[in-house]
Amino acid sequence: MIEILDSTLREGEQTPYVNFLLEEKVQIAKLLDRVGVEMIEAGDPSVSPNVANAIEQIASASLKAEIVAHSLARFENIKLVKDCGADRVAIFYATSQIHLDTKLKKTPHQVIDLIVEMISYARSLGLKVRYTPEDASRTDFEFLVQVCNAAIEAGADRISFADTVGVMQPHSMAERIQVLRQRLLPCKMDLHCHNDHGLALANAMAGIRAGANCVHTTVNGMGERCGIPDLAEVILAYANLEGQNHYHLEALTELAEFLEKVTGFFTSPNKPIIGQYAFTHKSGVHTNGVLKDPRTYEPFDPSVIKRERKIVIDKYTGKKAVEARLLEYGITVTTQELERIVFEIKQIGDQRKQIFDADILEIAEKVTGRVIDVIPHEIDALLMLEVESHIYTSSVVRRMRSFRNVITIFEITGDYDIGAIISVENVMAMNNLIEEIRRIPGVKRSETRLILKKYPVNEAETIDDTDTLEV
Ligand code: HCA
Ligand code: CU
């Protein structure tokens, strides 16, 4: 059975521009505990008083998970970990030649002496110890074996194999872990895989197969540069592909969304498991299959992580999906009408980027000649948005620009951050659009004002030289 150490609060906070508030850290730890991860790496207390306070609060929150604090190999730092009440200290010290020569200016012998001294000290304080040879993947293998065995002899019961710059591949990871297992004294082995080449999860899984015990994760795959494996991806990969699950999957979506909200760090829509489009189907062939049986194009049921599938209607969509969408509005059409509606949808799809339900209904009304209780008439509205304080207004603006019914966007001062003029065909379309805009990550509050009457600016009122002369 795999174990998971989640490092959202330590590695995750090393994501560029991400900072958690104290209460957010405690909340994240509680959510992680609900998911059921074995260990929570809560931070490095030497970073700041707030980080130390958070570790202290998390350590005293009676969580089931073991609470780990990260530490440089220094007496005073290890003492800080003890003072926070963490169960375990994770002492990291680099072992690769490049780190020894340039960053640490230490010989291999000095490294071994130092980490043995530090681990013995941590043990004397009653802490459990994990030792991480930072940059293990680029470390001379014989030296790595030597330094890890020295650490284990000094009292470390876990070794974290750190692929600090993400240069492993599944086959090399498997080989490396297999040999380490044979050459190391008894210990638990963690895998800390960075995702610089997009191989972090694959490397971690290969390492586990080869004999390691624990995968380090972060929520949404955050971390330095390209981060480390995403918690939800790891859990679902094991549950679905390896038939191993002892975690509570249903808390994962809430956790991922909470992290997006408090960090302003949004995952791409096509990110596995938690991405916005992870269960969205588009082409006619796919939607047809999914409508008959979702298993045709879904590796697992999204409801296990409390998500829903979605079908996008546009020029790629076939008759079945359009028919189903019309049925959602209580509209039944004949085969010929359906063909005509799909034909028109394809035509619109060739001309613009997005097709809304309002468009589909309007087409249906035209094709069937029946009045569908949507009376199209143009509505303009002024929309004001407040954006979460830690989120770049421009990131929200960027997403708003993709809506064709958003005519103009302003960044503004005052209670709201963004103003926009939207122009839609009817009330339903307005509701749809506002809902979509409100779902943009980072939008905190919105206010919509209908424009009742528009006054064209009279050319005569604009001041030009002629007018001035006449006055
Ligand atoms: C870093 C340290 C670390 C440590 C990993 C671990 C790494 O470089 O910031 O303690 O398991 O990637 O080597 O995150
Ligand atoms: Cu790391």
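**Copper site, rings, cysteines and sheets**

Trainee: What spacing do the donors of the copper ion (ligand 2) follow along the chain?

Mentor: They follow E-x180-H-x1-H. Donors here are N, O and S atoms within 2.8 Å of the metal (3.2 Å for Na, K and Ca), and since water is not among the atoms, sites may look incomplete. Before we go on: this is a predicted model, where local features need pLDDT of at least 70, side-chain atom pairs count only at pLDDT 80 or more, and totals for chains, interfaces and linings use all residues, while side-chain values use heavy atoms, without hydrogens and water. Residues are numbered from 1 along each chain as its sequence is written, with chains lettered from A and ligands numbered from 1 in the order in which they are written.

Trainee: Got it. Which residues coordinate the copper ion?

Mentor: Glu11 (OE), His192 (NE2) and His194 (NE2) do, at 2.1 Å. Glutamate 11 sits in the loop between strand 1 (3-6) and helix 1 (22-35), and histidine 192 in strand 7 (residues 188-193), 181 residues apart. Helices (H or I, at least four residues) and strands (E, at least two) are DSSP runs, numbered from the N terminus.

Trainee: Is glutamate 11 buried or exposed?

Mentor: Buried, at 2% relative accessibility. Histidine 192 counts as buried too, at 7%. Buried means under 20% relative accessible area, exposed over 50%, and partly exposed in between (1.4 Å probe, protein chains only).

Trainee: Switching topic: how many aromatic pairs are there?

Mentor: The structure holds 2. Phenylalanine 75 and tyrosine 121 have ring centres 5.0 Å apart and planes at 80 degrees, so they pair edge-to-face. Rings of Phe, Tyr and Trp (its six-membered ring) pair if their centres lie within 6.5 Å; planes under 30 degrees apart count as stacked, over 60 as edge-to-face and the rest as tilted.

Trainee: And where are phenylalanine 75 and tyrosine 121?

Mentor: Phenylalanine 75 is in helix 3 (residues 75-84) and tyrosine 121 in helix 5 (residues 108-124), 46 residues apart. Phenylalanine 75 is partly exposed, at 35% relative accessible area. Then there is phenylalanine 279 with phenylalanine 300: centres 5.5 Å apart and planes at 85 degrees, so that pair is edge-to-face. Phenylalanine 279 is buried at 3%, and phenylalanine 300 is buried at 12%.

Trainee: How many disulfides does the count come to?

Mentor: The count is 0, where a disulfide is a pair of cysteine sulfur atoms within 2.5 Å. For cysteine 148, the nearest cysteine sulfur, that of cysteine 187, is 7.5 Å away. Cysteine 148 is buried at 1% relative accessible area.

Trainee: On to the sheets. Which strands form the closed barrel?

Mentor: Its 8 strands run 1-2-3-4-5-6-7-8, with parallel pairing. Two strands pair if DSSP finds at least two bridges between them. Strand 2 (residues 39-43) and strand 3 (residues 66-72), for example, share 4 bridges, and isoleucine 40 has isoleucine 67 in strand 3 as its bridge partner.

Trainee: What packs on that sheet?

Mentor: Helix 8 (residues 200-209) does, touching strand 6 (158-163), strand 7 and strand 8 (214-217), with its direction at about 165 degrees to that of strand 7. Contact means heavy atoms within 4.5 Å. Axes are lines fitted to C-alpha atoms, for helices over the stretch in contact, and angles run from 0 to 180 degrees between N-to-C directions.

Trainee: What order do the strands of the open sheet have?

Mentor: The order of its 4 strands is 12-13-11-14, with antiparallel pairing. Strand 12 (406-411) and strand 14 (443-450) are the edges. Strand 11 (residues 379-387) and strand 13 (residues 418-424) are joined by 7 bridges, and alanine 381 stands opposite isoleucine 422.
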